[in-house]
Amino acid sequence: TFRAHPGSAQLAIIAWHSPISGYVSVSGAVSDGDPGGGDGILWYIDRNSTNVASGGFSNGGLQTFASGINGAGLNTLAVVAGDTIYLAIHPNGNYYFDSTRVDIVISRTTAPTPTTIITYTPSRTPTVSRTPTKTQTPTRTLTPTSTATSTPTPQIRWHTGNRKPIAYGVRANISAPSQAPYLEHSGESNWVSLGVPHLWVQTGWRYYKWYDTSEKSYSAWSYIEYDDPVVGKQDDDMIIHNWGDTQEYRVEWSGTMWCVFIGNVYYGCFDTTALPPIEVQAISEVHISPLNELDVNFSEVYYKSLNNTWVLFNQAVWKEDAPYVVDKIHTYEYHNYGP
């Protein structure tokens, strides 16, 4: 049993170094050690730089690791000698009252038992032929006196791409098609971003039909968008992203703020109160009309790990809103297109 307390911009991390190669079981729970206030915590279990399970609770809560996201996989976790398993406690907003009791057991276990599938093939297939002797016609048709209808909320955004649940940054090479895509209405954006609603920092390229100046009417623009905790959403077009070109876009944690780079050129750091580790995304987003054309390649999609190194996306957390499709070449290389 441990007591852990994250800081305002730091995680509380417990690490275990594996002395064996084989399989281990990770079990236990986290619970609120100071339920007098606060907003709860988030927890993450990583094997080296790869997240394997996660969860969280609100003030006064408790959660077993097995009941978290992908928690069932903790029963038989493959390791090699020298691997490190991390348990990270995230403050989930403010860090007040975030003292957390950690009960964790890591024990050696056996390899998972493979599932045996038995296929039965009959020696012969009987043929049955039946001819109905008569056809029954209903004497009357029942018509409902009223029909309840509801109007669904129209979808105004469609997303395609991949995500990483726990990271300190994200970067990707994002291409533009050889010519401007067809837009029925509004437009599209292709970006890397923090995955936290209302606290994001985002950069990529975008193209909109409503741009009506001579320059913007025909050009894709590299942009930065972020949510300032005081003045709200802010966004700016920075430079032209030429049709047919590929550009690297990057958002990473500096230790105090989230910083943006376009083509390795620094464009500024922004404080949105979102703290790492955090979900990051590399996504195409189509706005307003599902008839808008999408044809974009993402390649060399990286996330920044707990030990401050860049690692290729290694989880398949795909987002794929029809009619748009992801051609999944790798978890770190894909083609978003449609309709």
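**Overall architecture**

Tutor: The chain contains 0 helices and 24 strands. Please keep in mind that this is a predicted model.

Student: What share of the 339 residues counts as buried?

Tutor: Of the 339 residues, 44% count as buried. The chain exposes about 18200 Å², and carbon and sulfur atoms supply 51% of that area.

Student: And how much of the contact set is between residues 24 or more positions apart?

Tutor: Such residues account for 69% of the contacts in the chain with a separation of 6 or more.

Student: Which strands make up the open sheet of 7 strands, and in what order?

Tutor: The order is E15-E14-E13-E12-E19-E10-E22, with antiparallel pairing. Strand E15 (232-241) and strand E22 (319-320) are the edge strands, each pairing on one side only.

Student: Let us look inside that sheet. How many bridges link E12 and E13?

Tutor: Strand E12, residues 187-194, pairs with strand E13, residues 201-208, over 7 bridges in the antiparallel sense. Within this pair, Ser189 stands opposite Arg206 in E13.

Student: Is Arg206 buried or exposed?

Tutor: Arg206 counts as buried, because its relative accessibility is 6% and the limit for that class is under 20%.

Student: What is the salt-bridge partner of Arg206?

Tutor: Arg206 forms a salt bridge with Asp237, and their closest N and O atoms are 2.9 Å apart. Asp237 lies in strand E15 and Arg206 in strand E13, so the pair ties together parts that are 31 residues apart in sequence.

Student: Why would such side chains pair at all?

Tutor: Side chains of opposite charge can pair when their charged atoms come close.

Student: How many salt bridges does the structure hold?

Tutor: It holds 11 salt bridges. One of them joins Glu252 and Lys304, with the closest N and O atoms 2.5 Å apart. Glu252 belongs to strand E16 (residues 246-253) and Lys304 to strand E20 (residues 294-304), so this pair ties together parts that are 52 residues apart in sequence.

Student: Are Glu252 and Lys304 buried or exposed?

Tutor: Both Glu252 and Lys304 are buried. They also take part in a network of salt bridges that links Arg171, Glu248, Arg250, Glu252 and Lys304.

Student: What about Lys328 and Glu320, how do their side chains meet?

Tutor: They meet in a salt bridge, at 2.9 Å from N to O. Lys328 counts as partly exposed at 38% relative accessibility, and Glu320 is likewise partly exposed, at 36%.

Student: Back to E12, please. How accessible is Asn190?

Tutor: Asn190, which lies in strand E12, has 0% relative accessibility and therefore counts as buried.

Student: Which side chains make polar contacts with the side chain of Asn190?

Tutor: The side chain of Glu188 is joined to that of Asn190 by a polar contact of 3.1 Å. The side chain of Ser284 also makes a polar contact with the side chain of Asn190, at 2.6 Å.

Student: And what else is Asn190 in contact with, leaving aside neighbours within four places in sequence?

Tutor: With those neighbours left aside, Asn190 is in contact with Ile174, Thr203, Gly204, Trp205, Ile283, Ser284, Leu294, Val296 and Phe298.

Student: Moving elsewhere, where does Ser54 lie?

Tutor: Ser54 lies in strand E5, residues 50-57, and is buried, with a relative accessible area of 8%. Leaving aside neighbours within four places in sequence, Ser54 is in contact with Trp43, Tyr44, Gly68 and Ile69.

Student: What of the hairpin of E17 and E18?

Tutor: Strand E17 (residues 258-262) and strand E18 (residues 265-270) pair in the antiparallel sense over 5 bridges. The bridge partner of Ile262 is Val265 in E18. There are 2 residues between the strands of this hairpin, and Gly263 takes a positive phi near 60 degrees.

Student: One last topic, the surface. Which residues form the nonpolar patch?

Tutor: Tyr95, Tyr96 and Phe97 form a nonpolar patch on the surface, and together they have about 300 Å² of accessible area. Phe97 is found in the loop between strand E8 (84-90) and strand E9 (100-109). With a relative accessible area of 39%, Phe97 is partly exposed.

How values were computed: Residues numbered from 1 in each chain as written. Predicted model: local features only at pLDDT ≥ 70, side-chain atom pairs only at ≥ 80, totals over all residues. Heavy atoms only, no water. Patch = residues over 30% accessible without salt bridge, like charges linked within 9 Å, V, L, I, M, F, W, Y side chains within 5 Å. Areas by Shrake-Rupley, 256 points an atom, 1.4 Å probe, with all protein chains shown as cover. Salt bridge = Lys/Arg side-chain N within 4 Å of Asp/Glu carboxyl O. Helix = DSSP H or I, 4+ residues; strand = E, 2+ residues; numbered from the N terminus. Buried < 20%, exposed > 50% of the residue type's maximum accessible area, 1.4 Å probe, protein only. Pairing = 2+ DSSP bridges. Contact = heavy atoms within 4.5 Å. Polar contact = N/O pair within 3.5 Å; in protein donor to acceptor, adjacent residues only side chain to side chain.
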